[in-house]
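Please keep the structure in view while reading.

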Amino acid sequence: MNNHADVIIVGGGIIGCAAAYYLTKKGCSVLVLEGSKDIGNGGSSRNGGGVRQSGRDPRELPLAMYGIKNLWPTLSEELEVDCEYHQDGNLRLGKTEKHLEILQGLTDRAKACGLDVRMIDGDEVRVINPYLSDEVIGASWCPTDGHANPLTTTLGYYKMARRLGARFITEEPVVALRKIKGHLRQVITKDNVYEGDTVILAAGLGSREIAATVGIDIPMQPAMLEALVTEAQPPMFDQMLGTAEADFYGHQTKHGSFVFGGTSGLEGFTKDNHTPVTNSISAPSTCRGIIKYFPVLRDAKIVRTWAGWMDLCADKVPVISTVSEVPGLILACGFSGHGFGIAPAVGTVLSQLALHEPTAVDLHELRYDRFRAKA
Ligand SMILES: Cc1cc2nc3c(=O)[nH]c(=O)nc-3n(C[C@H](O)[C@H](O)[C@H](O)COP(=O)(O)OP(=O)(O)OC[C@H]3O[C@@H](n4cnc5c(N)ncnc54)[C@H](O)[C@@H]3O)c2cc1C
């Protein structure tokens, strides 16, 4: 087998698959090494499908805005798969004056970056979404936000990248990277050595251990997120919902079920601290919160709950960056629980970084060297 490619990507989540797609589209040879037996086995198949700009840190907001303006609207057509993308807005809800203060702060920061987002009162909230309870006294409203299906989108990128010539090897966990004459060249697995001109490290949490083999430390740690899906309901609305304190978020899917993510604060107390399994407290706790905002779902049955790890970066925004100490290495990790919505934009800029092209979005706030000790 040919163990060489122009670009080797470590990690077959949505970030690795999207980068593989945009690179093969530009004529690059690409090899993706995925440690588990399934593509999208990490957060990419477990997330809540939010494609939002509102509520984002201003450092990653330009990526979200770029993707929503230029990539998401035509993605289903481009990948020839139904990404179930809806651009029907995001209501981030508040029930107390403190909530409204939080939302006002988020709104002011996003507006300063050029995002179309505004505060609305409870009556306007219920004009947009009549199912919300009278307890909601206001919200931030971003009409260009939306949601999509993480499974079909991740697999859409994977299939189209393969169709364009990318090679994917599953059950091939990377154990180390190796420099040759000062340039990153080799990607080492248990039984094989692969060679590439550029390596994109998009292995989620696994990236920290792999980067350490060439002396790079990305300050990330695991944190668990949980989600649930209800049985199908009659069609109600297409907006994405969230709350001021991010205690739950969710949307109704094309199939009719509602997918909600939420937290009880007890996630992370897992059986063995490695397997992402839900605990018995999170879903009921999330649902108690949801019902206050959204009483019509009082009797909806939950059909499944699941959990996934997020790669929580020390400052909660990703690292998308070349590394001056390791020429040839590009980092794409630390997405901190919000990497799905920006994945098309991230895949695009990764392909540009790998080919030494100017990037569509300025990435300097997401550079690796932001963690260097200041002189
Ligand atoms: C419950 C939940 C809800 C979420 N909700 C949202 C949301 O609504 N909106 C949003 O934008 N984001 C959301 N996220 C976050 C989003 O899912 C992630 O940020 C995104 O999927 C990151 O993609 P990735 O490709 O970087 O990581 P992953 O999907 O985790 O992929 C990394 C891949 O690398 C592989 N890997 C690891 N180690 C190695 C190794 N040594 N060798 C080879 N391969 C390796 C893993 O097996 C995995 O397949 C949510 C996450 C969770 C868990």
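## R185 and its surroundings

Leaving aside neighbours within four places in sequence, R185 is in contact (heavy atoms within 4.5 Å) with H4, R178, K179, I180, Y194, E195, G196 and D197. R185 lies in strand β10, which covers residues 183–189; helices (H or I, at least four residues) and strands (E, at least two) are DSSP runs, numbered from the N terminus. With a relative accessible area of 24%, R185 is partly exposed, a class between buried, under 20% relative accessible area, and exposed, over 50%, as judged with a 1.4 Å probe and protein chains only. The C-alpha atoms of R185 and V51 are separated by 35 Å, and the two residues are 134 residues apart along the chain.

## Basis of the model

This is a predicted model, in which local features need pLDDT of at least 70 and side-chain atom pairs count only at pLDDT 80 or more, while totals for chains, interfaces and linings use all residues. Residues are numbered from 1 along each chain as its sequence is written, and side-chain values use heavy atoms, with hydrogens and water left out.

## The chain as a whole

The chain contains 9 helices and 18 strands. Its radius of gyration, 21 Å, is close to the 21 Å that the globule rule gives for 375 residues, so the chain is as compact as a globular protein of that length; the radius is taken over C-alpha atoms, and the rule is 2.2 Å times the number of residues to the power 0.38. Along its principal axes, the C-alpha trace spans about 65 × 40 × 40 Å.

Of the 375 residues, 53% count as buried, and among contacts with a separation of 6 or more, 71% are accounted for by residues 24 or more positions apart. The accessible surface comes to about 16200 Å², of which 52% belongs to carbon and sulfur atoms; such areas come from the Shrake-Rupley method with a 1.4 Å probe, and for residues only the protein chains shown count as cover. The chain carries 37 positive and 43 negative side chains, and the centres of the two sets lie 4 Å apart. In this count Lys and Arg are positive and Asp and Glu negative, with His and the chain ends not counted, and each charge is placed at NZ of Lys, CZ of Arg, CG of Asp or CD of Glu.

## Strand β12 and its two partners

Strand β12, residues 220–230, is mostly covered, since 8 of its 11 residues are buried. The strand is joined by 11 bridges to β16 (residues 302–313), and the two run antiparallel; strands are said to pair if DSSP finds at least two bridges between them. β12 also pairs in the antiparallel sense with β15 (residues 258–262), over 4 bridges. A227 illustrates both pairings, standing opposite W306 in β16 and opposite G261 in β15.

Strands β17 (residues 319–322) and β18 (residues 329–333) pair in the antiparallel sense over 4 bridges, with C333 of β18 as the bridge partner of V319. The hairpin has 6 residues between its strands, and G328 takes a positive phi near 100°.

L350, in helix α9 (residues 343–354), is buried, with a relative accessible area of 0%. Not counting residues up to four places away in sequence, L350 touches I15, A19, I200, I320, I330, L331 and A332. One of these, I200, is 150 residues from L350 in sequence, yet the C-alpha atoms are 7.9 Å apart in space.

## Residues in loops

D116 sits in the loop between α4 (97–112) and β5 (118–121) and is partly exposed, at 46% relative accessible area. Apart from residues up to four places away in sequence, D116 touches W141, C142 and P143, while its C-alpha atom is separated by 8.9 Å from that of S54, which is 62 residues away along the chain.

E80 lies in the loop between α3 (75–79) and β4 (90–94) and counts as exposed at 56% relative accessibility, whereas K316 is placed in the loop between β16 and β17 and is exposed with a relative accessible area of 53%.
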